[in-house]
Amino acid sequence: MKALITGLTGQDGAYLAKNLLEKGYKVFGGVRRISTPNFWRLEELKILNHPNLKIIDLDITDLSSCIRALNDCKPTELYNLAAQSFVAASFKQPLQTIEASGTSAINLLESIRITGVNCKFYQASTSEMFGSVVEVPQNEDTPFYPRSPYGFAKLMAHWGTINYRESYDFFASSGILFNHESPLRGIEFITRKITDGVAKIIKGKNDCLEIGNLDAKRDWGDAEDYVEGMRLILSAEKSDTFVLATGETHSIRDFLVKAFSCVDIKLVFEGTDLNEIGIDKKTNKTLVKINPKFYRPAEVDLLIGDPSKAKNVLGWKAITNIDKLVQKMINADLKRQS
């Protein structure tokens with residue numbers, strides 16, 4: 001088996017590469033050429049120099065680059081994980097986000113059509129497509145209502161995948177993944193911002209965390225569980241769309257309390273709205289403040305997925321609960337700050 005992964009150097013790309021290498025795949029990792037390579041995740045997972053991993057130059061916003069990669073690698077599976085995936089940045093860079101997260105998927109699908117390379121295609125869709133949710137929990141049939149350029153760019157890629165599946169009889173599947181985190185999560189994402197911030201406070205490198213909306217609720221799982229779900233989606237008898245989620249939801253406030261409890265601090269909240277603060281109950285020291293600059297222009301208040309279809313068809317379920325996930329992330333960030 002040969003897999004081509006776009007977005008190899010991201011959280012999901014690195015974990016998926018490790019997963020597939022352990023199962024005997026030859027893995028081609030597509031990366032966009034930049035002046036300073038960003039291989040730290042591959043190094044942490046100890047796969048950067050794996051004999052069955054080959055890193056190739058690939059710009060998924062360029063159709064000719066995609067065609068060349070397909071012809072050179074001739075993969076049996078193609079996982080499209082590359083995107084501009086930071087929601088806050090998508091409001092500031094909407095056109096770049098559309099190109100990187102939406103148009104790029106069409107480039108890859110069109111490359112498969114043009115080259116005739118016989119490979120299964122996986123599109124990394126996202127729970128952000130549900131946005132202002134119209135039903136709880138969200139499943140494969142829930143109508144979409146994206147609330148960010150990231151959300152509607154991903155929706156373009158999602159519907160493109162379905163269209164190519166139906167138009168050209170492609171094996172093209174989408175995984176609608178709810179939030180999934182890990183020690184390899186980018187520091188700009190709220191979960192890593194929290195665990196990194198807690199570690200810095202404990203190590204005396206910072207005094208306080210500044211956070212946006214404490215009440216936003218997400219369905220958080222472990223990225224390692226979810227990349228196994230990606231593999232199973234392409235191992236199914238037929239291509240389809242699957243929601244991968246834990247079926248539980250927690251607020252950012254909950255995540256903060258869990259993160260501080262991992263370092264034996266009981267965090268309690270006082271005040272309301274922008275004046276709300278999180279304090280150490282024992283010392284009365286302020287550890288969390290609200291900063292309105294971190295609010296989204298259009299907020300997504302509640303996401304919680306129904307993974308029943310993935311469980312019934314693929315035999316997949318999330319293994320790591322949120323408490324173990326937060327502890328794993330805290331441990332990793334404490335080690336980094338030591």
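Helices (H or I, at least four residues) and strands (E, at least two) are DSSP runs, numbered from the N terminus. With that in hand, let's walk through this structure together. It is a predicted model, in which local features need pLDDT of at least 70 and side-chain atom pairs count only at pLDDT 80 or more, while totals for chains, interfaces and linings use all residues. Residues are numbered from 1 along each chain as its sequence is written, and side-chain values use heavy atoms, with hydrogens and water left out.

Start with the whole chain. The protein chain holds 11 helices and 15 strands. Its radius of gyration (taken over C-alpha atoms) is 20 Å, close to the 20 Å that the globule rule gives for 338 residues, so the chain is as compact as a globular protein of that length. That rule is 2.2 Å times the number of residues to the power 0.38. Along the principal axes, the C-alpha atoms fill a box of roughly 65 × 45 × 40 Å.

How much of the chain is buried? Buried residues (under 20% relative accessible area, with a 1.4 Å probe and protein chains only) make up 55% of the 338 residues. Contacts, meaning heavy atoms within 4.5 Å, also tell a story: among those between residues at least 6 apart in sequence, 76% join residues at least 24 apart.

Now look at helix H1, which covers residues 11-22. Its 12 residues reach 17 Å from the first C-alpha to the last, close to the 16 Å expected at 1.5 Å a residue; the expected span is 1.5 Å times one less than the number of residues. H1 is mostly covered, as 10 of its 12 residues are buried, including Tyr15, Leu16 and Leu20. After H1 comes Gly24, whose phi is positive, near 90 degrees.

Next, find Thr161 in helix H6, residues 149-168. Thr161 is buried, with a relative accessible area of 0%. Beyond its neighbours within four places in sequence, Thr161 is in contact with Leu109, Phe121, Gln123, Ala172, Ser173 and Ser174.

Another threonine to visit is Thr241, in strand E11 (residues 241-244). Is Thr241 buried or exposed? At 7% relative accessibility, it counts as buried. Setting aside neighbours within four places in sequence, its contacts include His158, Ile162 and Ser174. Finally, Thr241 and Asn71 are 170 residues apart along the chain, and their C-alpha atoms are separated by 27 Å.

Key:
Buried means under 20% relative accessible area, exposed over 50%, partly exposed in between (1.4 Å probe, protein chains only).
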